[in-house]
Amino acid sequence: MLNLRDESATAGTGFVRGEDKRGAVRLQRETVSAIGVYLVCILALFLSKFINPEFGSFHQLQTILTLASFLIVVSYGQGLTVLIGGLDLSIPSVITVGGVLAAAWVSTLSPAGFWWQIPAVLIVCSLIGVVNGLGVTLLRIPPFIMTLASGIIVYSICLGATGGTPSGAAPNSLSTLMAGRIGGVPIVNVFVVIFCAIAIFMQSRTSFGQRLYAMGSNATAAKIAGMRINAITVCTYALSSALAGFAGMMLVGYSNGATLRMGDSYLLPSIAAVVIGGSSILGGRGTFVGTIGGAILLTIFDMVITSLGLAQGWRTMISGGLILAAILLQHEGALDWIRSVGRRRN
Amino acid sequence: MSTAIGTRSSSARGLLTNGLTTVVILYVVLYVVYSRMEAGALTASAFGDLVNNSIPLAIAAAGATFVILLGGFDLSVAGVLSLVNVVLATHPMDGAGGALMSVVIAISIGAAVGLCNGIFVAYGGLQSIAVTLAMMILTRGLALVVLDAPGGSVSDWISDTLTNSLWGVVPASGLVALAVAALWAIFRRTNTGVALYAVGKDQTAAALSGINVKRTKCIAFVLAGALYGLAGFMLSAQTASGDPNAGSTLLLLVFASVALGGTAFTGGQGGLYGSMIGAATLMLLQKVLFSSGVQSFYIGLFQGFVMVVAVIFVNVITYVARRNREHA
């Protein structure tokens, strides 16, 4: 597992590292990151047993996966935009749009909600992403600014349109998704596993995914190679928004109603999950497997810290410290150290 | 992506292509609109209020500019503002001496957080957005530990003096902003100031030409942190009370101000004056919208549009200027 290639030749020049390495070496670096995250996850679960014996049980694992499902879905979109060298700050607002529209439009009883209205909400959400993508590509607005601005705009439209209090309740299809069970396992867990499988396949095994890596590593080179950079960028942002909208719908199904601030607590964790999962914020490097690990890790942290019964301030501080520790573990120096240990053993 | 700003050639650096000029024009236009709507807008007291409102955001945006010039992000601004605010509200020190002591404490808190960021980013080689995200959460938590609910009160001397006008004309808080601007004017001409731009433009080239990249980065984070501390001090003077979430609402506005001020998020281009005036413009925009009777719901809508339009405007003008130059 740790029999990895030596890369110490570039060790002296910190700023060139990781830029010009493709194929096998890149994947190995990412594999190590991902393995690291999952090891920390297992460690965290193990240690949490000392705090509360309930932790680590099968039921507990189901709960963790259910709570992490929102973040996993959102982080996939965030991860894709980060992969092409962008960032999506409009995610919390789009979550709110998805939630508010799902509660208001999707009928509670008829099955039409599932076949027509849910896709309609997703299309509305992805349009926000299309606007983001067009702003980034055609108008050459930095992604940070474009998505920040569109997020503020969309949020304030939401606020104005609902008058501050969104109406409606969770449609049946969504509450079934979030609360129903199949053969003793929550439906949402099955859904998330299928979602992850498709997402990993798309990012790592399809030509669309490979194009995202190519664009993130070097947009100019990708363009010269004949890729339709603009179209790919617009698609990526649209996908990110659609996923955020879907996460909003999941939240509505989970809590049986929409609130205007429901998306707020997902922006920073979505970035944190991507970074902890070993992606470079500069683009071109990272796997969704790692991001899933990051999302699960953040959720475990959250649950453990909550169960400690500390005051809000201490809880927040501990979670900040844990994120910092996770980032430090992801650091290339730490990874190199793990590798060198692996080499010595062989 | 966003290469129009990033690769702007140095030859196209005319007055018009400057983001600073754009934002100044925008501010003046908005002020004219404001003076049409509000009868008292041209009086010294109205202007003083406006300056007082804008100063915390302006100084915080000035700090963020240091890191953005490096091509990095600093999210810790929200945490530092909150932390300084609650510390000043729970430990009020009266009198001019107390105020001086408070400023020193505020700036030290900010600089200490900045130093942590700087060490992790510059010497640890970690991604700035990740490190500062963690630091933001840490400092926010610390703020909640110091004061777990809004309350406390800032010393009267600070909240009175710094919201007042000197000789009835010059707002005292404006002088603080001017001092920051003056220090920047000096810093910009020091070796570190030049190095900051060089590192932001091209790290490899900067390192090869003998610039100590790590040291430059670290200094930028520390200075940014110190300014957040000062911004937190000014914010406390305005609100006169403590709120552990005081900084959170300003986080996005800080980045909006920097963008509006024409500083490129790719690094190496822009400056501190633009960010400060950008902040003032955002606050003025709020006033204009309020006085024009727009529902408070929709203020975000306008702020978002102004941000996007400002960036597009700078892009278009840069493009036109470059074409003219190439054809000439």
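pLDDT is the predictor's confidence in each residue, from 0 to 100. Keep that scale at hand, since this is a predicted model.

**Stop 1: colour by confidence**

Start with chain B. Its mean pLDDT is 83, and 92% of its residues reach 70 or more. Now select residues 1-13 of chain B. Here pLDDT stays under 50, and the model has 27 contacts beyond four places in sequence for this segment.

Switch to chain A. The average pLDDT is 81, with 83% of the residues scoring at least 70. Then pick out two helices of chain A. Confidence in this chain is lowest in α14 (residues 332-345), at a mean of 63, and highest in α10(A), at 93. For the model as a whole, ipTM is 0.76 and pTM is 0.79.

**Stop 2: chain A on its own**

Show chain A as a cartoon and you have 14 helices and two strands. Of its 346 residues, 50% are buried.

Zoom to helix α8 of chain A, residues 207-217. Which residues of this helix are buried? Select A:Arg211, A:Leu212, A:Tyr213, A:Ala214, A:Met215, A:Gly216 and A:Ser217. Next, look at what lies over them. The cover includes α2 (58-83), α9 (219-224) and α10 (229-255) of chain A.

**Stop 3: where the chains meet**

Bring chain B back. The contact takes 44 residues from chain A and 42 residues from chain B. On the chain A side, select α4 (112-137), α5 (143-162), α11 (267-276) and α13 (312-330); each supplies at least two residues. Which helix gives the largest share of that side? Select α5(A), which provides 14 residues. Colour the chain A side by class to find 28 nonpolar, 14 polar and two charged residues.

**Stop 4: chain B on its own**

Chain B has 14 helices and two strands. Its C-alpha trace spans about 60 × 50 × 35 Å along the principal axes. The radius of gyration of chain B is 20 Å, which agrees with the value near 20 Å for a compact globule of 328 residues. Of those 328 residues, 55% count as buried. Among contacts in chain B between residues at least 6 apart in sequence, 82% join residues at least 24 apart.

**Stop 5: the largest nonpolar core**

Show both chains again. The largest nonpolar core has 209 residues. Those with the most contacts inside it are B:Ile59, B:Ala60 and B:Leu81. Select helix α11 of chain B, residues 213-239: it gives the most to this core, with 16 residues.

Centre on B:Leu81. Beyond four places in sequence, its contacts are B:Ala60, B:Tyr228, B:Ala231, B:Gly232, B:Leu235, B:Ala246, B:Gly247 and B:Leu250.

**Stop 6: B:Ala78**

Step to B:Ala78, in helix α4 (residues 77-90) of chain B. Is B:Ala78 buried or exposed? B:Ala78 is buried, because 26 other C-beta atoms lie within 10 Å and the cut-off for buried is 20 or more. Its contacts beyond four places in sequence are B:Met136, B:Arg140, B:Gly247, B:Ser248, B:Leu250 and B:Leu251.

Finish with a distance. Pick the C-alpha atoms of B:Ala78 and B:Ala41: they are 31 Å apart in space, and the two residues are 37 residues apart in sequence.

Notes:
Residues numbered from 1 in each chain as written. Chains lettered and ligands numbered in written order. Predicted model: local features only at pLDDT ≥ 70, side-chain atom pairs only at ≥ 80, totals over all residues. Buried ≥ 20, exposed ≤ 12 C-beta atoms within 10 Å, placed from the backbone. Helix = DSSP H or I, 4+ residues; strand = E, 2+ residues; numbered from the N terminus. Contact = placed C-beta atoms within 7 Å. Nonpolar A, V, L, I, M, F, W, Y, C, P; charged D, E, K, R; others polar. Core = buried A, V, L, I, M, F, W, Y, C linked by C-beta atoms within 7 Å. Rg over C-alpha atoms; globule rule 2.2 N^0.38 Å.
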